[in-house]
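Here is a quick tour to read with the model open beside you.

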Amino acid sequence: MAVAADQPDAAVDPANAIYVDQGDEEPVRAALCLQLHNHGVFNTYTLCGRSAPHSLYRNSEVLFTGAFGEQGIKYTLTVAKGDLQALSRQVVKSDSAVVTVPELELEIPAATQKGSITTVEGLLMETASNIKLLQEERRAADPTTAELIDDFLTKLDSCQQGGRDFTVIVNDPAGNSYVESPGGNPRQDAILQAEHYDRTRQQQVDIGLLAPEEAQASAEQGEIDASDPHHGPRAVGASALQKALARIQGDKAEKIMSKYTAPEEVIELPGHCMACNADAVTRVFETSIPYFKEVVIMSNACDTCGYRSSDIKAGGGVSEKGSNITLAVSEQEDLRRDVIKAESASISIPEADLEVTTGSMGGLVTTVEGLLEQIITALRQTQTFQLGDSASALDRSTWGAFFQKLEDCMALKQSWTLKITDPLSNSFIAPCTENPETDPRLTSEEYQRSAEEDEEYGIDHLKKYAGEGLNMDSIDLN
């Protein structure tokens, strides 16, 4: 538990306290830093609080000392007039985040405010406080500009008090910012949207992932426009079909895939490391998973930094129908079944009132037990505000009961049902018998995709091209 630095009688761990030497006077405790690991939605970050009792100066900030997110994150929160609960939502803002309020034409550039844990109201309040700092001097030097700023501060104060509609956008290329969603899932939040995106070259330079000279050297290769709907970071249509089913991460996933992989031919392709951009070799081979489909394994290993990644991609054509896979879990053997959960799949466990929407956890190669473990871990990481000291008793009780249901399912204190729905039929649960049709607890049914699903994955376009007899290789999708 962190102890405020302005409490002289409080016990403080000397390893965490920072002292300032003031000559002959006794050292005065100036700051207290507490490092947290694997807490919240970040790997590692440090909370720093500073105060000077003789001048009443106090300050605090969040320092992100762990790994960057795999992608950038953009939160868009729509705050309606009088919605005080939206103003009370907690916000974790890293120093690399850009905050904008379009209605006020307000932009807070990266690095102009330190990383902080605050609320929407607190974010606006700090912004107003910073703008007011030199307002009196500005009023004396340039009354016209000062008057315009006064008008702006009036609008900002109205937003802060819930007197008008406005939108807050938090865009963090480092992926280390977070806006609270009381329901736990931004995809089901009526006023909050969360979008993950691939960083541009300039964003990689800005956060220190890429040196300027490396960015200049690779600029000649060209860069896909982020707004490109078919090839950009949020691609839909035919390009979305080319995404990997899942990423093979960890020893458990590698062990699962080793059961099915016996490559006759491995193709080596030159490429670049995703972590350090050094030259690396990508190894590609095709294999077949019984009762599932042919898949392509793409493995990348970097000799420079040691980074490894392996992806599974679907082989062959797109399935004509989607699939609903249902597993009745009642025995330990069921928990050990292999699972491939594609990014296009959604998950539900009716007995625990759990639904995991498409894309929420990406693609996974694991077991039934491992899938449940990862769901629990992901929920605990994203629900810090509902589980921590700042949460209300009702929130802690509600979420505690929910997690207890999941723990009971994992411990098989009751039978439960795992349902995986995949519009592209790219997900798989291994049967416990040689013939899946004779597996008493596993069923798989095909269903006709909706028009919205066909449009999202570009299937209607492919059908159109096939009906017109066009050569797909001759079509320019740019």
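## A buried glutamine

Glutamine 135 counts as buried because its relative accessibility is 4%; buried means under 20% relative accessible area, exposed over 50%, and partly exposed in between, with a 1.4 Å probe and protein chains only. You'll find glutamine 135 in helix 3, residues 135–141. Helices here are DSSP runs of H or I with at least four residues, strands are runs of E with at least two, and both are numbered from the N terminus.

What does the side chain of glutamine 135 join in a polar contact? The partner is the side chain of aspartate 150, at 2.8 Å. (A polar contact is a pair of N or O atoms within 3.5 Å; within protein, one must be able to donate a hydrogen and the other to accept it, and residues adjacent in sequence count only if both atoms are side-chain atoms.) Leaving out residues up to four places away in sequence, glutamine 135 touches Ala146, Ile149 and Asp150, where contact means heavy atoms within 4.5 Å.

## About the model

This is a predicted model, in which local features need pLDDT of at least 70 and side-chain atom pairs count only at pLDDT 80 or more, while totals for chains, interfaces and linings use all residues. Residues are numbered from 1 along each chain as its sequence is written, and side-chain values use heavy atoms, with hydrogens and water left out.

The chain holds 13 helices and 25 strands. Of its 478 residues, 40% are buried. Among contacts with a separation of 6 or more, 63% come from residues 24 or more positions apart.

Strands of a sheet pair through backbone hydrogen bonds, either parallel or antiparallel. Here, five strands form an open sheet in the order 8-7-10-5-12, with antiparallel pairing; two strands pair if DSSP finds at least two bridges between them. Strand 8 (106–108) and strand 12 (192–197) sit at the edges with a single partner strand each, so one side of each has no neighbour in the sheet. On average, neighbouring strands are turned by 15 degrees against each other, direction ignored.

Strand 7 (residues 98–101) pairs with strand 10 (residues 166–172) over three bridges, in the antiparallel sense. In that pairing, valine 98 stands opposite asparagine 171 in strand 10.

Helix 2 (residues 120–132) lies across strand 5 (72–79), strand 7, strand 8 and strand 10, at about 85 degrees to strand 10. Axes are lines fitted to C-alpha atoms, for helices over the stretch in contact, and angles run from 0 to 180 degrees between N-to-C directions.

How do helix 2 and helix 4 (residues 143–160) cross? Their axes come within 9 Å, at roughly 165 degrees. That makes helix 2 roughly antiparallel to helix 4 (under 35 degrees is roughly parallel, over 145 roughly antiparallel, 65 to 115 roughly perpendicular and the rest oblique). Residues meeting across this pair include Leu124 and Ile131 in helix 2, and Phe152 and Leu156 in helix 4.

## Two positive phi values

Most residues other than glycine have a negative phi. Aspartate 353, not a glycine, has a positive phi of about 55 degrees. Aspartate 353 is in the loop between strand 20 (346–349) and strand 21 (354–356), and counts as exposed at 60% relative accessibility.

Serine 425 also has a positive phi, near 55 degrees. Serine 425 lies in the loop between strand 23 (416–422) and strand 24 (428–429), and at 13% relative accessibility serine 425 counts as buried.
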